Amino acid sequence: MNAKGFCHTTDKIGSTRKSVLKHKPSMTPVSSKQYADDVSLLMVLLDTNPLFWSSTAAPLSFSKFLSQVISFLNSILLLNQLNQVMVIATGLNSCDYVYDSSSGPTNQRVETLLQKLQEFVVKDEELNKDDSVDRIGSSLLSGSLSMALCYIQRVFRSGLLHPQPRILCMHGSQDGPGQYVAIMNSIFSAQRSMVPIDSCVIGSQHSAFLQQASYITGGVYLKPQQLDGLFQYLTTVFGTDLHSRSFLQLPKPVGVDFRASCFCHKNTIDMGYICSVCLSIFCKHHKKCSTCGSAFGQPQTSVSTSNQKRKAP
Amino acid sequence: MTDAQVVKRAKYKSSVKDPGVRGILKMTRERFVFMPNDPSSAMKLNVEFRLIKGHKSSKEGSNRPALLNLTPDQGNYIFEFENFSDRELCRDFVAKAVTFSGEVGGPTSEKAVPLKDEQLSSAEMERRIKLLQEDSELQKLHKQLVIGGVLSETEFWATRKKLLDVNASRKAKQRVGLKSEMIFNVKPSSDGQSNRVTFNLTPEMIHQIFAEKPAVQQAYLNFVPNKMTEKDFWTKYWRAQYLHSTKNIVAAAAEAAEDEELAVFLKQDAILASETRRKIRKVDPTLDMEADEGDDYTHIPGHGLASEDIKDELEAQYEPYKRSFLQDINRHAAVVLEGRTIDVETGDTRSVAEALASSKRVELAKEASDGNAHQERLDRVTRMAEIEDLQAPCDPPVAPLCIKDPRDYFDSQQVNALNQLPGTRQMKSVLSTSEAYGSLRAYISEIRTVGLSDPIVRPEVAFKVFNSLTQNISSSKYQLGKNPHESILDTLPSVTKEELLLHWTSIQELLKHFWSSYPITTSYLYTKVSRLRDAMSQIYPKLQEIKESVQSDSRHQVSLLVQPMLQALDAAFAHYELEQQKRSAKSGEKPNGYV
């Protein structure tokens, strides 16, 4: 866990830090930039896949789920005056920012959120072109992760004083293996920016992608057993800010499913072929890597003869 | 040179004074055999090297006999060879065989039933010993299995051929480059008393001289051995060098006029000049030489350096004898950068000269046949120095734009992939998509009208959640530790950890040999399999011991670790039992002693 890097008091944020941060290039992972220990920016990625919520796989109704999540968001905002919450809805065909606690009237939070959520669902349905699909599609987790990370980057660059960001993923749909590459890319960039990704899995199956995400970024992965007590799970485990996590014990998963999916068919595989140039994974032997174009199995002699030709003037 | 067997004519003597029995001495890695020429003689010998503790040999000398004395615990075997080189060969072989058999020990030579004679070269043995020294894990495994008598050497190394080959080939690929110092320009040693000057010549120097001065190499090929001996050739060469070092050009010209061959060394290198001219011709004509005219110092006499005395009054006849030190340095640098073009390191001068000459011929031939290069150059010239009004307008060279569709990268064949997902078949959505959207919208409006539920969560549910969470956290804390990246192996004491790892590697090795011996076709495989099975059944209780010795809270994790090893062993045992039953059934043994 990278929370240890965040425990600095306000005194240290003085002259020294200011000058350092001004000239730092934006690519290096930034650390210890918050202005108080427990101010947090919580990005919640809500899974609004209608096919999942209307199927038998959903263990509780969407309205109950939403009410518990809303109460949780309210309690987060109550913990500290400077806390911020941002909700992104993960739909079937699109993702969008649904709620931002830093804008809008403070006494109408829920109404704003619900209003926007409804509009989002309508828009998502319109985007649904090919509707002869009788399977539970996967929601666009990669899209909402990317949107969350973009927002967090903007917050990083907004100035010296900003809250510690973290991402909470409330997910129920299955993993779409076609999104493997994009999700892994977002996970690695979150790791680089030191943003933990917590996962709360509502569905019936574990999600390999989210397990990997939480493992790599140092977040918490939880699959609650009793979903009518979801609010209790949220406040006990996911409400903890990053500074407190250094001295709190949070549940750990027993094992992580590290299987990847291959780049050619998007199947989940255990053993496969890997391109040594770009590290793309394939399930069967190919002559050429489809990602970087390098040809496999070049004989050594052809390289040396071309070198010899170049030597002659 | 040395190989797995050495066969030499020798005389066997029981003592030094003994005239000796003539015969043939044949040595293999494990034993030596002496067969006398006279078949009726009783002096046959067949002794294992295991019993030989040491060996002695007599001094070299023109009148002395070449003796080799092999000493077992008691007595000695003395062999007299025809010449000293034979004796050296046998002595080296004996030395290696004795050390090797000492290392291997007794049990292997008794138990192992080799399929054929071990044909090992001494280089191979050295490689093996080196590998064992480098890799301590391999050495432990080797000690346990081979010296413990479970596997024989051949079997052990048969699976590691790649390791041995890689080491050997890696050594062969790298070649030593040329020295960057000009070793042939070293000052000769002269003793102040007499008028003699001594030059030393090594093969390395010869190689350098031939590489840098092709005229000298050509002269060597022409003159030696027709016109003069090698010694004379080099004497003349050094004389020329000496004259140059004195910088006495007039004297050099005078001597050159007398001695034709000496003149070859004194004059400037004609071959080199022609090579340089050829290279200049190949330079791209569109290269702008005008641009660095100012930097060009090679045309200024003395290369731009202030020279002490500019002998402008020298006549034209002395021109060819002038040589500049800078030219020598440049030539030397060019040769060193090119690297070694031939592989002949040792060998006499003639072969070196011929090898260099032939490599040069090959290069020339390649260039001559490469007429394409000339055409390419002409094309390039016309392209760069285009005269537009004289030529037809040509289309600019374009390549068709090819941008891959990023959608291919991210979500190709998603339908196919999702059809294969195991979960999809079970959970077909009850509603169609539009209905699903509708229900979602209904849920949202429900909250808007009803509001959040009160209480959000019932107290008993909350209590249950708290309990389960606490239990979960406290139970996993001791098992997994704070860091999810830790592994159970690190929490064990190092002795246990190493034991476990050693068992793992030895089990893998044994199982490899076990499974490769099936199906059993020869009796050798049968004995091998039973040996392996005994070894494996010995490891089995050791694993159980380890499991019990660990502390109780990590016992579960350790047993999880050990589980696959036990499973593999069990599978092997089961297979063995099955095969045994089949064998006994096939051989017609009926139970209860029925006939």
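Okay, let's start with chain B, where there is an open sheet of seven strands, ordered β4-β3-β2-β1-β7-β6-β5, with antiparallel pairing. Keep in mind as we go that this is a predicted model. So which strands sit at the edges of that sheet? They are β4, residues 45–48, and β5, residues 54–57, both of chain B, and each of them pairs on one side only. If you ignore direction, neighbouring strands in this sheet are turned by 30° against each other on average.

β5(B) is joined to strand β6 of chain B, residues 66–71, by four bridges, and the two run antiparallel.

Still in chain B, on to a pair of helices. Have a look at α7, residues 203–212, and α9, residues 230–245: their axes come within 14 Å and cross at roughly 65°. An angle of 65 to 115 degrees counts as roughly perpendicular, so that is what we call α7(B) and α9(B). As for handedness, α7(B) passes α9(B) in a left-handed crossing. What makes the contact? From α7(B) you have Met205(B), Ile206(B), Ile209(B) and Phe210(B), and from α9(B) there are Trp234(B), Tyr237(B) and Trp238(B). Sort the residues of this α7(B)–α9(B) contact by type and you get seven nonpolar, no polar and no charged.

Right, over to chain A, and here I'd like to build things around strand β2, residues 84–90. Is β2(A) largely enclosed or largely open, and why? Six of its seven residues are buried, so β2(A) is largely enclosed by the rest of the structure.

Now its partners. Strand β1 of chain A, residues 40–47, is joined to β2(A) by seven bridges, and this pair runs parallel. One bridge to pick out there is the one from Asp47(A), whose partner in β2(A) is Thr90(A). Then there's strand β3 of chain A, residues 95–100: five bridges join β2(A) to β3(A), and these two run antiparallel. Val87(A), for instance, has Tyr99(A) as its bridge partner in β3(A). And how many residues does the hairpin from β2(A) to β3(A) go through? Four.

Technical notes
Residues are numbered from 1 along each chain as its sequence is written. Chains are lettered from A and ligands numbered from 1 in the order in which they are written. This is a predicted model: local features need pLDDT of at least 70, side-chain atom pairs count only at pLDDT 80 or more; totals for chains, interfaces and linings use all residues. Side-chain values use heavy atoms; hydrogens and water are left out. Axes are lines fitted to C-alpha atoms, for helices over the stretch in contact, and angles run from 0 to 180 degrees between N-to-C directions. Angles under 35 degrees count as roughly parallel, over 145 as roughly antiparallel, 65 to 115 as roughly perpendicular and the rest as oblique. A crossing is left-handed if the near helix is turned anticlockwise from the far one by less than a right angle, and right-handed if clockwise. Contact means heavy atoms within 4.5 Å. Ala, Val, Leu, Ile, Met, Phe, Trp, Tyr, Cys and Pro count as nonpolar, Asp, Glu, Lys and Arg as charged, and the others, Gly among them, as polar. Buried means under 20% relative accessible area, exposed over 50%, partly exposed in between (1.4 Å probe, protein chains only). Two strands pair if DSSP finds at least two bridges between them.
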